[in-house]
Amino acid sequence: MGERRRIAIAGSTGSIGTQAIDVVQSSDSFEVVAIGASSSTERLAEQAAALRPKVVALADGSKAAELADRLPPGSELRAGRGAIASLAELAEVEVVLNAVVGFAGLDVTVSTLERGKRLALANKESLIAGAPVVQRARQTPGAEILPVDSEHCAIHQCLSASRAAGSELSRIVLTASGGPFRGRKTEDLRQVTVAEALDHPTWSMGPKITVDSSTLMNKGLEVLEAKELFGASTDQIEVVVHPQSIVHSMVEFCDGATIAQLSEPDMRLPIGYCLGYPDRLQLPYGSIDWSRLSFLQFETPDYETFACLKLAFEAGRLGGAAPAWLNAANEVAVAGFLEGRLGWCQIAEVVGETMARFEASELGRIGDVLEADLLARQRAREVIASLGQAA
Ligand SMILES: NC(=O)c1ccc[n+]([C@@H]2O[C@H](COP(=O)([O-])OP(=O)(O)OC[C@H]3O[C@@H](n4cnc5c(N)ncnc54)[C@H](OP(=O)(O)O)[C@@H]3O)[C@@H](O)[C@H]2O)c1
C-alpha cells in the first residue's frame, strides 16, 4: 500500500470500533481522520487524544458540552442528529467503517455509499432493513461494500480467491458457533439469565449481537446479509453449526468444489481485510496452530429451539419490507430482554408474533424504510404488551 489510507470509524467506542483502532495503531497503512459514537464521551475523548482525528462526532447532542472541553486542539466536534453520517462527507475520508449497532447505522451506510466511498460494513442491520435503498446507493460510482462480519468476509475471500463467475456459485454455507445454548431445548431455556446469554463461547462482542448469537437471530440476519451482499437467493444459503468458529464460512461452486476460509476467531483479521483490500495486512491475526487443532465439528442447526433462525429465512423468502420488520421486532425484543422485561424464549415469540402482523410496503426511499421500521417497532411493543396481559 502506498500512502496511508484515511478512514472514519463510526461506532468507534464499541467492540468492533475499539478493535479497529487496535488494527490501525498496529499498522502504518492507515490514518484515522474521524471517529464517532452515541454517548460514550469519556472513551471518545481518550480516543481523540490518542488518534488526533480531524472530526469527532457524537450522536447524543445533549452531551456535546461534556465532550467539547476534552478534545485536543484541531479536533472539531460535531454533535446531534446526522453528526455521525456527516463523517462520510469529509473529503479526506476514503473508507468508512460502520461499527454502529442496530438500525441507527442506516444513515452512515447510505451516506458513505452515496458519496462513492468504500463502506467497511459491520452494521449488518442497515443493509438488511434498508436493502432496496442501500442497493441503489451501492450503484454510485466508486461505492463498494467490504463486509466486516467474519462470515461474509470469509465468503468475500473465497469468491475473490476462486475468481468464479456469479453464475458458477451454487451454495453459500454460513457457519455458526451455535452460541452459549447449543444443544439445549426450549424447556431448559425458559429461565436463562441475561448474564448466561451474554457468555458467548468463542467471540467477545457488544451486548446486542451477543444476545442475537444466543438466539441464532444473528445467523438469521447474516443469511439476509449474505443474500444482499452476494446476490444469492435465500435458498442458496445454508447454515451449519461449527462450534470452534475456525471455518468462518464456505462457498460451493457448480462443479461441487467448496472453498472455505479458516482462522482462529479474531475480528481484527476481517477488519484489517476490509480496510486494506485488495492488499492484505502485514500482520497476522487469528493464525492457526495446527499442532493444537485436531478436529473440526459440524452440525445441523435446531430450527425449533432457535426459531429466530427459521423466522429470518421466512423473512428472506418474503423479501420487500419483511427483513426490516424482522430486524425492528428483534431490536425491540432484545432491548426488552436486556432490560429484564422479557424472558429469553420470548424474544422469538415477540419476533414471530410481530411477523404474523407483517404489513407489506414499498421501500423506495429512505423515508419508507424509516416508516416500515417504526410501524414494526410499534407492532412489536403491542405484542409485548399483550404478553404482559397474558402472563
Ligand atoms: N462485536 C463483534 O465482534 C461483531 C462481529 C460482527 C458484526 N458485528 C456488528 O457490528 C456492529 C457493532 O457491534 P458491536 O458489538 O461493536 O456493538 P457495541 O460494542 O455495542 O458498540 C456499538 C457502537 O455503536 C455506537 N452507537 C450506539 N447507538 C448509536 C447511535 N444511535 N448512533 C450512533 N452510534 C451509536 C456506540 O456508541 P456508545 O459507546 O456511545 O454507546 C458504540 O460505539 C453491529 O451491527 C454488530 O452486529 C459485531
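**Reading the model together**

Tutor: Happy to! Let's begin in a loop: Pro 278 lies between helix H12 (268-276) and helix H13 (307-318). Keep in mind that this is a predicted model.

Student: What is the geometry of the peptide bond from Tyr 277 to Pro 278?

Tutor: The general idea first: most residues other than glycine have a negative phi, and most peptide bonds are trans. The bond from Tyr 277 to Pro 278 is cis, with omega near 5°.

Student: And which phi does Arg 52 have?

Tutor: Arg 52 has a positive phi of about 50°, although it is not a glycine. You will find Arg 52 in the loop that links helix H2 (41-51) to strand S3 (55-58).

Student: How many bridges link S1 and S5?

Tutor: Strand S1 (residues 5-10) and strand S5 (residues 95-98) share four bridges in the parallel sense.

Student: What does the open sheet of four strands look like?

Tutor: Its order is S9-S8-S10-S11, with mixed pairing. The edge strands are S9 (237-241) and S11 (258-262), each pairing on one side only. From one strand to the next, the twist averages 20°. Two helices pack on this sheet. Helix H7 (residues 150-162) touches strand S8 (169-176), S10 and S11, and its direction makes about 40° with that of S10. Helix H11 (residues 217-230) touches S8 and S9, at about 150° to the direction of S8.

Student: Do S10 and S11 run parallel or antiparallel?

Tutor: They run antiparallel, and five bridges join S10 (residues 247-253) to S11. Ser 249 has Gln 261 as its bridge partner, while Val 251 is partnered by Ile 259. The two strands form a hairpin with four residues between them, and Gly 256 in the turn has a positive phi of about 95°.

Student: Next, the ligand. Which residues come nearest to it?

Tutor: Of the 26 residues around the ligand, Thr 13, Ser 39, Ser 40, Glu 125 and Gly 206 come nearest. An N or O atom in the side chain of Ser 40 is 2.6 Å from a ligand oxygen. The backbone takes part too: a backbone N or O atom of Gly 11 lies 3.3 Å from an oxygen of the ligand, and a polar backbone atom of Gly 14 is 3.2 Å from a ligand oxygen.

Student: How much of the ligand's accessible area does the protein cover?

Tutor: The protein covers 85% of the 900 Å² that the ligand has on its own.

Student: And what is the shell made of, by class?

Tutor: The shell has 13 nonpolar, ten polar and three charged residues. Helix H1 (15-25), helix H5 (124-129) and helix H10 (207-215) each supply at least two residues of the shell.

Terms used: Residues are numbered from 1 along each chain as its sequence is written. This is a predicted model: local features need pLDDT of at least 70, side-chain atom pairs count only at pLDDT 80 or more; totals for chains, interfaces and linings use all residues. Side-chain values use heavy atoms; hydrogens and water are left out. Two strands pair if DSSP finds at least two bridges between them. Axes are lines fitted to C-alpha atoms, for helices over the stretch in contact, and angles run from 0 to 180 degrees between N-to-C directions. Contact means heavy atoms within 4.5 Å. A residue is near a molecule or strand if one of its heavy atoms lies within 4 Å of it. A polar contact is a pair of N or O atoms within 3.5 Å; within protein, one must be able to donate a hydrogen and the other to accept it, and residues adjacent in sequence count only if both atoms are side-chain atoms. Accessible areas come from the Shrake-Rupley method with a 1.4 Å probe; for residues, only the protein chains shown count as cover. Ala, Val, Leu, Ile, Met, Phe, Trp, Tyr, Cys and Pro count as nonpolar, Asp, Glu, Lys and Arg as charged, and the others, Gly among them, as polar.
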